[in-house]
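Here are my notes for when you open this one up. Take them point by point, with the structure beside you.

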Amino acid sequence: PTTIYLKDYTPFGYLVDSVHLTFDLAPNATRVTSRIAFRPNPDALDRQFFLHGEQLKLIRATVDGVEITPDVTETGLTAVVPDAAFVWEAEVEIDPGNNTALEGLYISNGMYCTQCEAEGFRKITFYPDRPDVMSIFTVRINGALPVLLSNGNPTGKGDGWAEWNDPWPKPAYLFALVAGDLITHPGQFTTKSGREVELNLWVRPGDEGKCAFGMEALKKSMKWDEDVYGREYDLDVFNIVAVDDFNMGAMENKGLNIFNSSAVLASPETSTDMNFERIEAIIAHEYFHNWTGNRITCRDWFQLCLKEGLTVYRDAQFTSDMRSAPVKRIHDAIDLRARQFAEDNGPLSHPVRPESFQEINNFYTATVYEKGAEVIGMLKRLVGDEAYAQALELYFDRHDGQACTIEDWIKVFEDTTDRDLTQFKRWYSQSGTPRVSVTEDWTDGIYTLTLKQRTDPTPGQSDKLPQVIPVAVGLIGANGDETMPTTILEFTQEIQSFAFEYTVEGWRLQGCEGPERVSGANPPKPTASILRDFSAPVILEHDQSSAERAFLLAHDSDPFNRWQAGRSLAEDTLIKMILTDAAPETDYLDGILAVLRDSDLDPSYRALMLGLPSQSELAAMMHEQGVTPDPVAIWTAVETLRQVTAQHVQDLLPRLHSETSIEAAFSPDAEQAGQRALGGAALALTSRLDGGAKAAEDYQRADNMTLQLSALSCLLRAGKGEQELNAFYDRWQDDRLVMDKWFGLQVAMSAPAETADIVSHLTGHPDFNWKNPNRFRAVLGALATNHAGFHRADGAGYSLLADWLIKLDPVNPQTTARMCSAFQTWKRYDADRQALIRNQLTRIAETPDLSRDTTEMVTRILN
Ligand code: B3K
Ligand code: ZN
């Protein structure tokens, strides 16, 4: 396989003035006719005329109307063309009916649809399939289907045909086509300048009842982007289509977003609160791409974080505004630590802007997306809100219609603020998670924090340089009052000290403007709250006593760090329990009890406080401490802590149940969702004490999916619920999205010794349609995330996953490759497990005709 390097970028030899495409749809022989106006690119040195093309049957090609015979290979064609403007025409035949990879044009449940990002357009016709080639597309679709959609505005339609024109130049990866028997849930939006936009959410008949929430989320997103970023929508229509077979969440094609049905369809009966929140965020994310991604796109795929990091950052801001900002921040930190830290500290570690790849689809990662968003959050923290807003304004003005780089992005911040961001740019090029360790000094009334940063070597990068880390710090006095409000420390050196002095107005960073130090005063030593609001994506190493953590859990005014104090107490006690069989610490148990009692605290926040670190994270922490993690011991400790917690808060449980019961009609809003989250957490604890009696009752009365699933989880966890599981199946067997939950839950709730057997059993179920990515992930993805079950000592989990990855690879390389990451943490475990995993990885790697996608992933993981 060939490796592509960032440093080798060169522009394409030609510019594309216009593209006309005609599709004659037929399931196994769709004809695609293209007419493309090329002209030499004055900025390019190389005039080689190479068009990408894969799995295309070339019927004919002409240049300026004269038939030619291009040189066609597996990856594209070359042809001799004039050294002046010319018109290229080609007719190709493709087979969407047999396209199981779900890239290019394919058919899902009788519906034609496309997925072109990153490099799928080349499976539709011959084209310079690269994001820096932008053009105006006009599309005609001929097909005997009621709904025929493409990008842009509709320009005509009749029986069996439709025409579309997209006035905004775009790269081919944003092309989309949908054709099928679809029904719209319509909507309408008037933009701030008065443009009337027709909105549609297109679904298959039967799904009409699951559209209302998505449509409202779209309108809210459109409004928010106008209010907060000044970005207005720029076409007459905005279409969203729900598709059942889709490799990821959704795709931001210009004016025609295509969604995995799981990322857009929702109803109270069938969706959990988590589903609602995720759907709202994904709709916003894809919509926000209209400016950050589509109007301003990426020069090449190495710049992917330019659009993804920024768009994730924007959707996080949106969710914070729509729901609870602290809760969103905590969710994001949990997610980053679980997925991105695991990636950044293992064999798949790569910079936010990678420098090489074999298959770009393998780089749609937590690092590019989520760490990419964190980098933007840090930039905003460093320059301030106002400068951030100005820089963004400049970015949109300066680069509208262009294909840009991270250098362009950084430049708008430098030009706005006059800051030199050279060191900051290391966040884009240096991989690995920085570790920040903290030591304190307390001398003569001066409180000093000394911070030290280091990043361990990562693949291809042995030496690391210090990064710019914004560390948000607050100080808290002995009585629990805040004595220094959140202050950003700009931590740029390997070791750096920050001294704080006592003034009439409390504590203050030395050297800052403000009142003088109060000399002679004898203030008590403050307690530091460090990395407030998770101000940087780093691992904080701060040895604090349980008492200090408990103090912060009780008093920190920063909601993130207050939660973090509880989380750290949980981690400490769990690790002690695992290593020494110790009993759970009372600092943790009492701290949790106090938080649960505090009914002034938002229920969703209290529910989060009850969460525990994942078993996989505990394994990572032990590994970092030089101890080989034993998955069964970890599982046992977590079970014990849960049981003891349940007993410890027992008296409070009835109150929590009544406090969280909702009289009002169901709403998926943050308030009710928070109550249900706390109620669910309380139910889980109750089930530890009553063997599932209350859960069985709740299951019977449940009138929404959140409660139904949380009750069923409790029953399964208690080793019960067989009857309910069958009833659930009977009730929901015709609803794909709910059946995904039915499959996934059984795996997630299984006891470690049984997980692999349950997975084997479920993969034999008649409804296990393994070619559907959602169903495949529901079962095999759940296997990979059931830590103790997956890591069963005899290797049953490993071989089962490998069997299925080998089977899926020829059908759908993208989903296979992505799921290989289940093995990325293998070097944490004992020699026996490592050997078992190595065998499976090698077995996958040696499979004949393994896809480029999967080959790249297993090779990187093995090395
Ligand atoms: N841009 C798409 C992801 C495409 C993934 C291609 N393998 C969705 C998103 O990030 O919005
Ligand atoms: Zn995106």
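1. Strand S18 (residues 196-203), helix H1 (residues 212-229) and strand S19 (residues 237-243) make a left-handed β-α-β unit. A crossover counts as right-handed if, with the strands pointing away from you, the path from the first strand over the helix to the second runs clockwise. Helices (H or I, at least four residues) and strands (E, at least two) are DSSP runs, numbered from the N terminus.

2. A word on the ground rules: this is a predicted model, where local features need pLDDT of at least 70 and side-chain atom pairs count only at pLDDT 80 or more, while totals for chains, interfaces and linings use all residues. Residues are numbered from 1 along each chain as its sequence is written, and chains are lettered from A and ligands numbered from 1 in the order in which they are written.

3. How do S18 and S19 run, parallel or antiparallel? They run parallel, joined by 5 bridges, and Trp-202 sits opposite Val-241 in S19. Two strands pair if DSSP finds at least two bridges between them.

4. On S18 there is also strand S17 (residues 183-190), paired in the antiparallel sense over 8 bridges. His-185 has Leu-201 in S18 as its bridge partner. S17 and S18 form a hairpin with 5 residues between them, and Gly-194 in that turn has a positive phi of about 95°.

5. Another hairpin is made by S10 and S11, with 2 residues between them; here Asn-109 in the turn has a positive phi of about 50°. S10 and S11 (residues 111-115) pair in the antiparallel sense over 5 bridges, with Tyr-106 opposite Cys-113 in S11. Why call S10 (residues 104-108) largely enclosed? Because 5 of its 5 residues are buried (20 or more other C-beta atoms within 10 Å of a residue's own, with C-beta atoms placed from the backbone).

6. Now find ligand 1. The shell around it includes His-285, Glu-286, His-289 and Glu-308 (a residue is near if its C-beta atom, placed from the backbone, lies within 6 Å). Strand S20 (250-251) and helix H2 (273-288) are the elements giving two or more residues to that shell. Domain 1 (4-288) and domain 2 (298-429) both contribute residues, so ligand 1 lies between them; the domain bounds come from an automatic or database assignment.

7. Last, UniProt (unreviewed entry) places "domain: Peptidase M1 alanyl aminopeptidase Ig-like fold" at residues 432-542. That stretch is 0% helix and 50% strand, with its end C-alpha atoms 19 Å apart.

How values were computed:
A residue is buried if 20 or more other C-beta atoms lie within 10 Å of its own, exposed if 12 or fewer, and partly exposed in between; C-beta atoms are placed from the backbone. UniProt positions are given in the numbering used here, feature names are shortened, and annotations may be inferred rather than shown by experiment.
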